[in-house]
Amino acid sequence: MSPSQRKRLGIIFLVLAGVAISAALAIMAMQSSFEYFKTPSEINTEGFEKNQTYKIAGIVRKGSLQRLDDGITQRFRVTDCEQDVVIQYTGLLPDLFREGQAIVSVGKFTDEPALIASQVLAKHDENYVPNEAADAVMLQQANKCDQADGPIDY
């Protein structure tokens, strides 16, 4: 192997090592920003990592909502009808939040097996229709009637 070939081989090795180190650092940096979507059963059977962000979906168990002594922190249980997870949230809960309602909570577990939520999202029920969509359906129905029975005021 000639000296120029050794030099090229050394440069190629250094470039590959640099790319591998950069990729490893990028993966390590992104690891902390991953969010895992889990159900309460998956959390209880598979466990959880402290300080890892999780999204947990489930139904707020009836009778589990407690307001802690500070007055703005709530603690409640979310269930998937098989297992429960305790969620603690500090702040105002969404208007649609209530016991028996489906929610999604985003947060991290600490030393105790309770998710410290940074966000709580309440879901609409399956019968919810936004006003704009309801108006469009009503207008469409009115247009059908307009063609069949004459003009209808809407």
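Where does Gln52 lie? Gln52 sits in the loop between α2 (40–46) and β2 (53–60); helices (H or I, at least four residues) and strands (E, at least two) are DSSP runs, numbered from the N terminus.

## About the model

This is a predicted model, where local features need pLDDT of at least 70, side-chain atom pairs count only at pLDDT 80 or more, and totals for chains, interfaces and linings use all residues. Residues are numbered from 1 along each chain as its sequence is written, and side-chain values use heavy atoms, leaving out hydrogens and water.

## Gln52

Gln52 is buried at 6% relative accessible area (buried is under 20%, exposed over 50%, partly exposed in between, with a 1.4 Å probe and protein chains only). Leaving aside residues up to four places away in sequence, Gln52 touches Gln31, Phe34, Glu35, Tyr36, Gly107, Lys108 and Phe109 (contact means heavy atoms within 4.5 Å).

## Salt bridges

There are 3 salt bridges in the structure, each a side-chain nitrogen of Lys or Arg within 4 Å of a carboxyl oxygen of Asp or Glu. Glu46 pairs with Lys38, closest N and O atoms 2.7 Å apart; Glu46 is exposed at 52%, while Lys38 is buried at 16%.

Arg61, Arg77 and Asp84 are linked in a salt-bridge network. Asp84 to Arg61 comes in at 2.7 Å. That pair links distant parts of the chain, with Asp84 in strand β5 (residues 84–90) and Arg61 in the loop between β2 and β3 (66–67), 23 residues apart. Asp84 to Arg77 is 3.3 Å.
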